[in-house]
Amino acid sequence: MNAAARALREKIESRTVTVGVVGLGYVGLPLVKAAHDAGLRVIGFDTDRRKIEKLDRGEDYIMHLAAHEGVGGVAAMLRDSDRFTASADPAALAGADVLLLCVPTPLGDNREPDLSSVHASAEMLGPHLRPGQMVVLESTTYPGTTRDELSPLLTETSQGLRCGEEFLCAYSPEREDPGRRGYTAKSIPKLVGGLDHTATTLAAAFYRLFIDEVHEVASAEVAEAAKLLENVYRAVNIALVNELKVIFDKLGVDVWDVIEAAKTKPFGFQAFYPGPGLGGHCIPIDPFYLAWKARQAGRETRFIELAGEINRAMPARVVAQTEETLAADGKQLSGARILILGVAYKPDVDDIRETPAAEIIELLSKAGASVGYHDPHIPIFPEMKRYAHDLRSVELTPDALGAVDCVLIVTDHAAVDYQLVANEASLVVDTRNAMAKTTTARARVQKA
């Protein structure tokens, strides 16, 4: 272990290490909270000055982090702390000993990896990098990114600081699941793989300061691949139940009843559920990082490609089923008034990343339907990369429900009164089995 690594180890062991978090979104801000709660000094950086301004004012902008015990909000707690600084100036990160990169890794127009934010972060950090620092990438990516992309770019932009000598590099995949109860950044086990043994050891020691369970793996590439495996597993199994749903519909069998029956087996089965399409920052995107990397190695990923094809087809299928259901009532999709319930990508969050609701609204509108939505967590539909819906959430009232031809449930938020929907709507197309617990009422319910 060289002098720079020994100095970092001493700071970690004495708990005087300063943490820099680049990207204060759904991944970065929970890490800020966890490190700060453990007594560490934290510097938060984001290029979005609106986030910095909100943190300076103590205003929460991520719903599921808003409730902080005894304070009233994470942002208010951080604002009042002398161990946290929020900045849009990259020079502020020179004071950090460990830098965590939590930046987006989306797909390009041809479903190829878009590492522009990773590259931009490295180019931004390089001029401020100093000996004794460690950079850890948390963003989901393909095996080899940390070693072949991040490390060389840091060396180049830092005017020659050498990875493994003057600074260290590691990879530790984020495992955030916004809104999932019972888990926090602190309690979700962490994987850590460095570009060398020293980086792995020190990164693991660092994370153990504020994460309950840390697992060291053989390399950064193993950690990168493990993250992809986790999400490929979910994407493939969701595609399986989506395909089975179509088959069971034709056979007159309720897929939700089938899943509940299969769940009674105590081993060899894990329940996955059908839906209107995939959303979020992981499952719709991450498998294609592996598919792209596999093609670079001359291999095909037939399971991944097939799963992607099935899951991407679900929004169009939901629209087709809505059209069929309306037709059974003697109504056409063109001119129909449709109220979407839930536009977040999953229940009980304010996150619309990759939400299938965006494509469903687009397809319905192109078919001539008049579309509105209700979502208790998203008052205004934000502009997205591929969609720009000028819509605001409408209040869920008997009049609003009675005025539409169809209520289409896309996301099953707990805050929605589904019994009210059952009582006041005439027709409900339910993609989430949300109406199963309501009593028989006016609405005709069609599962989709």
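**Close-up views of a predicted model**

**View 1. The N-terminal end of helix α3 is capped by D48.** Helix α3 covers residues 49–57, and a side-chain oxygen of D48 lies 3.0 Å from the backbone nitrogen of R50; helices (H or I, at least four residues) and strands (E, at least two) are DSSP runs, numbered from the N terminus. The structure is a predicted model, in which local features need pLDDT of at least 70 and side-chain atom pairs count only at pLDDT 80 or more, while totals for chains, interfaces and linings use all residues. Residues are numbered from 1 along each chain as its sequence is written, and side-chain values use heavy atoms, with hydrogens and water left out. After α3 comes G58, whose phi is positive, near 75°.

**View 2. Salt bridges link D48 with R50 and K51 with D46.** A salt bridge is a side-chain nitrogen of Lys or Arg within 4 Å of a carboxyl oxygen of Asp or Glu. For D48 and R50 the closest N and O atoms are 3.1 Å apart, whereas for K51 and D46 they are 3.7 Å apart. R50 counts as exposed at 60% relative accessibility, K51 is partly exposed with a relative accessible area of 22%, and D46 counts as buried at 8%; buried means under 20% relative accessible area, exposed over 50%, and partly exposed in between (1.4 Å probe, protein chains only). A search of the whole structure finds 25 salt bridges.

**View 3. The side chains of D97 and R130 meet in a salt bridge.** The N to O distance in this pair is 3.0 Å. Because D97 lies in the loop between β3 (84–87) and β4 (98–101) and R130 in the loop between α5 (116–125) and β5 (134–137), the pair ties together parts that are 33 residues apart in sequence. D97 is buried, with a relative accessible area of 3%, while R130 is partly exposed at 25%. Salt bridges that share partners join K11, D97 and R130 into one network.

**View 4. Five strands form an open sheet with parallel pairing.** The strand order is β10-β9-β11-β12-β13, and two strands pair if DSSP finds at least two bridges between them. The edge strands, each pairing on one side only, are β10 (370–374) and β13 (444–447). From one strand to the next the twist averages 25°, where axes are lines fitted to C-alpha atoms, for helices over the stretch in contact, and angles run from 0 to 180 degrees between N-to-C directions. Strand β12 (residues 427–430) pairs with β13 in the parallel sense over four bridges, and the bridge partner of V428 in β13 is V445.

**View 5. D351 makes a side-chain polar contact with R353.** D351 is placed in the loop between β9 (337–341) and α13 (356–366), and at 1% relative accessibility it counts as buried. The contact with the side chain of R353 is 2.5 Å; a polar contact is a pair of N or O atoms within 3.5 Å, where within protein one must be able to donate a hydrogen and the other to accept it, and residues adjacent in sequence count only if both atoms are side-chain atoms.

**View 6. I247, L251 and V253 make a nonpolar surface patch.** The patch is about 260 Å². V253 lies in the loop between α8 (220–251) and α9 (255–262), and at 34% relative accessibility V253 counts as partly exposed. Patches are made of residues with over 30% relative accessible area and no salt bridge, with like charges joined within 9 Å and nonpolar side chains (Val, Leu, Ile, Met, Phe, Trp, Tyr) within 5 Å. Accessible areas come from the Shrake-Rupley method with a 1.4 Å probe, and for residues only the protein chains shown count as cover.
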